[in-house]
Every structure is written in C-alpha cells, then in structure tokens.
Amino acid sequence: AELLRLEGVHTHIGQYHILQGVDLVVPEGELTMLLGRNGAGKTTTLRTIMGMWRASAGELGLAGTDLRPLATPDIARLGVGYVPENMGVFAALTVRENMLLAARDGAMDESRLEWIFSLFPALKKFWGLPAGNLSGGQKQMLSIARAMIEPRRLILIDEPSKGLAPAIVDALIEAMRELKRTATTILMVEQNFRMAQALGDGVAVMDDGRVVHAGRMAELAADPALQARLLGLSLGAHQ
Ligand code: ADP
Ligand code: MG
Ligand code: MG
C-alpha cells in the first residue's frame, strides 16, 4: 500500500518557484531514495511534506489524510519524523539525555532505547558522555537515533552520509538496514550512490523541481547509462 503521495506539488519560496509539479509515491514499509543533483529540490520536497514550506498547488496525502492544511507539529503528531541535513546534537547533554529530549512527554521506552542502541553500538558505548565529545559520524548517528525513539509511520532523512568518512558510511548502512527490518517507511535523500544502492527499495530522481524518474533502485543500480543521464555519474566510475 502507498503511505505518502505527492501529486503535482508546487512550492514557492519568496519569489522563486522551486517545486514545479512533484509527483512521488512512497510505499508503506519501503525505503524510497530521493536522488538528484545539488539544487534539484530534494530538501525543499522534504520540508514541504513537513509543512515547513507551504505547497502552493497539488495534492499531498499521508494514508488518505490531506497534509496541506496542517501545520508542522500536526504533521509530526501524525507520525512523521524529520532528520534535517546537519541536524546537530545538544553538545552539553549526554547521549542518553539527547535521546530523552526526543521522547514524547519526556518519558522514554527503555526497551526501545536498548534496541536503538543495539543498532548504533558507538552510541551505546558513549551513552553517558556529553554529545559534544562524539565524532562527526557519531553525532550524525545520534541525530538519526533520536528520530527513532518514538515509533514513526514515516521518517524523512536528509543526506545522512554527508561529510562522513567511508568507514562511517558503512556503519550507517548497517544501522539503516536494521531499521528497515522493522518495516518503518523511510524517504531518504542521498548524494552518495553507494548508500543509495545499498538501501533503496524504490528510487525517485529529481531535477529542476520535478521528479524525472521513478522506479526500483535495483534497476537504476544495474543501468549505468541511466545513472549517467539522470545523475551525471560517470559510467562505472562511482564509488
Ligand atoms: P537539493 O536539496 O536538491 O540540493 P534544495 O531543495 O535545497 O535542493 O534547493 C532547491 C532550489 O531551491 C535551489 O535552487 C535553492 O537555491 C533554492 N532554495 C532552497 N532554499 C531556499 C531559500 N530559503 N530561499 C531561496 N531559495 C531557496
Ligand atoms: Mg543540496
Ligand atoms: Mg538538500
């Protein structure tokens, strides 16, 4: 079943017409990768889904609920989590306290916390340390882990691999694979094709404020000519 559907979504930011008719379907229980060059409109799409930018036209629905009239907190209350690019952590608070802040009503399900820590062994190891002491990759993992402390119907994640060393990207892929086993629905923006290939079930590619390709990730991964045309990746040369 489809969980999220965007049909002909337009978004203006000030005088700029950024999203110019985005069509996108995110099936329940899948990880859908949103790819595209810098400036294609990926982040704007996530922010429009979250109600942080208002869609000026089109349809935006979560399991039949029209999201367009709703404010961001109401969309979050429907079970949509958002991990922005370079979200950051509360440096002076411990890893555990950072998790607690993300828990509804300040009450944390300890067995769920244990499960999340099992996905991110480094966070488990350093749970009592100030988050400011973590490495960049560990901070990124903490920002993703925070979005998981409450069960979500849909998690939007913007470029989690950005700025991470390749070894950390591997650890992130492993953690995201575990998250996928819980059948959480995820819409993830990426520029790292290795990450996209490892995790994507479906894929949508944006260019110039529109989705210009939608299909299965495995098919795009197997088609270097299509990658070159859609993403400008050089034939067979991506990492
Ligand atoms: P992506 O995430 O795919 O790199 P974005 O959604 O961030 O792309 O940006 C899409 C386009 O919208 C870009 O041309 C960008 O310059 C523009 N844009 C994004 N945010 C703003 C803003 N706050 N004000 C004006 N233009 C913006
Ligand atoms: Mg960008
Ligand atoms: Mg972006």
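Ala145 touches Met99, Ile116, Phe120 and Leu123, leaving aside residues up to four places away in sequence; contact requires C-beta atoms, placed from the backbone, within 7 Å. Ala145 and Leu156 have the most contacts inside the largest nonpolar core, a set of 65 residues. Such a core joins buried Ala, Val, Leu, Ile, Met, Phe, Trp, Tyr and Cys residues through C-beta atoms within 7 Å, and buried denotes 20 or more other C-beta atoms within 10 Å of a residue's own.

The model is predicted: local features need pLDDT of at least 70 and side-chain atom pairs pLDDT 80 or more, while totals for chains, interfaces and linings use all residues. Residues are numbered from 1 along each chain as its sequence is written, with chains lettered from A and ligands numbered from 1 in the order in which they are written.

An open sheet of mixed pairing contains six strands in the order E6-E7-E8-E3-E9-E10. Strands E6 and E10 stand at the edges with a single partner strand each, so one side of each lacks a neighbour in the sheet. The twist averages 15° from one strand to the next. Strands (E, at least two residues) and helices (H or I, at least four) are DSSP runs numbered from the N terminus, and two strands pair if DSSP finds at least two bridges between them. Six bridges join the antiparallel strands E9 and E10; Asp207 has Arg210 in E10 as its bridge partner.

| E6 | 80-83 |
| E10 | 210-216 |

The shell around ligand 1 includes Lys42, Thr43 and Thr44. Helix H1 (42-49) and strand E2 (16-27) each supply at least two shell residues, and H1 gives the largest share, three residues.

Key:
A residue is near a molecule or strand if its C-beta atom, placed from the backbone, lies within 6 Å of it. Axes are lines fitted to C-alpha atoms, for helices over the stretch in contact, and angles run from 0 to 180 degrees between N-to-C directions. A residue is buried if 20 or more other C-beta atoms lie within 10 Å of its own, exposed if 12 or fewer, and partly exposed in between; C-beta atoms are placed from the backbone. Two residues are in contact if their C-beta atoms, placed from the backbone, lie within 7 Å.
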